[in-house]
Amino acid sequence: MAAKLQPLQVLYCPVCSMPAEYCEFSPDFEKCKPWLIKNAPELYPQLVKEAAEKTAEQLDGLTVGGEKDGAKGEGSSSEPKKDDEVKRLPGGKVKKKEKPEVVVEKIVRNKRKCVTIIKGLDMFGIKLSEASKKLGKKFASGASVVKGPTEKEQIDVQGDIMYDIVEFITDTWKSVPESAIYFIEDGRKVSASA
């Protein structure tokens, strides 16, 4: 009698949810690398080699006292790290942390209809779905959460409510100061408090 065939066990990546051997084709491959090095080193030996070289470079400059090239070690540093202010992007580019602000813009379509766009409420910890419901009820119009051209979510409200919205936002959400609300007028950013 022939041996009974067993189903093939496939290792799935928890980061991109693809089989581990297909992670390199995922758009999140950079995020998958640490998991792959730890759980599937036989599939990507070049990643293990790169990780070992990085570790060797980091350990190369260290001394027994914990000092690196005469400078203080990271654990005993007297200056606070600026990682929370600056973010490193691939290629060595530096991206500064965005200042929380709400931007309100009016777009006219079909010469008569207006749509008011509100961006940045999520930076103040406000859930956009709840905010769109409140805006729709207050102004008796349609309000929805959509992805903008920069892939960030924003709220689209039907109608021209541009100047009524500042008072509503500051009254409803106390965490949003009036000085953090801006209008886009003629392609320029204008403060709402002015």
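Predicted model: local features only at pLDDT ≥ 70, side-chain atom pairs only at ≥ 80, totals over all residues.
Local features need pLDDT of at least 70 and side-chain atom pairs count only at pLDDT 80 or more, while totals for chains, interfaces and linings use all residues. Residues are numbered from 1 along each chain as its sequence is written, and side-chain values use heavy atoms, without hydrogens and water.

The two helices (DSSP runs of H or I, at least four residues) are listed here.

| Helix | Residues | Contact residues |
|---|---|---|
| α1 | 29-39 | F29, K33, L36 and I37 |
| α2 | 45-60 | L47, V48, E50 and A51 |

Their axes, lines fitted to C-alpha atoms over the stretch in contact, lie 10 Å apart at an angle of about 85°, which makes α1 roughly perpendicular to α2 (65 to 115 degrees). The contact (heavy atoms within 4.5 Å) comprises six nonpolar, no polar and two charged residues.

A salt bridge (Lys or Arg side-chain nitrogen within 4 Å of an Asp or Glu carboxyl oxygen) joins E101 and K189, with the closest N and O atoms 2.6 Å apart. E101 lies in the loop between β2 and β3, whereas K189 belongs to strand β8, 88 residues apart. The whole structure holds four salt bridges.

Notes: Axes fitted to C-alpha atoms, helices over the stretch in contact; angles between N-to-C directions. Parallel < 35°, antiparallel > 145°, perpendicular 65-115°, else oblique. Nonpolar A, V, L, I, M, F, W, Y, C, P; charged D, E, K, R; others polar.
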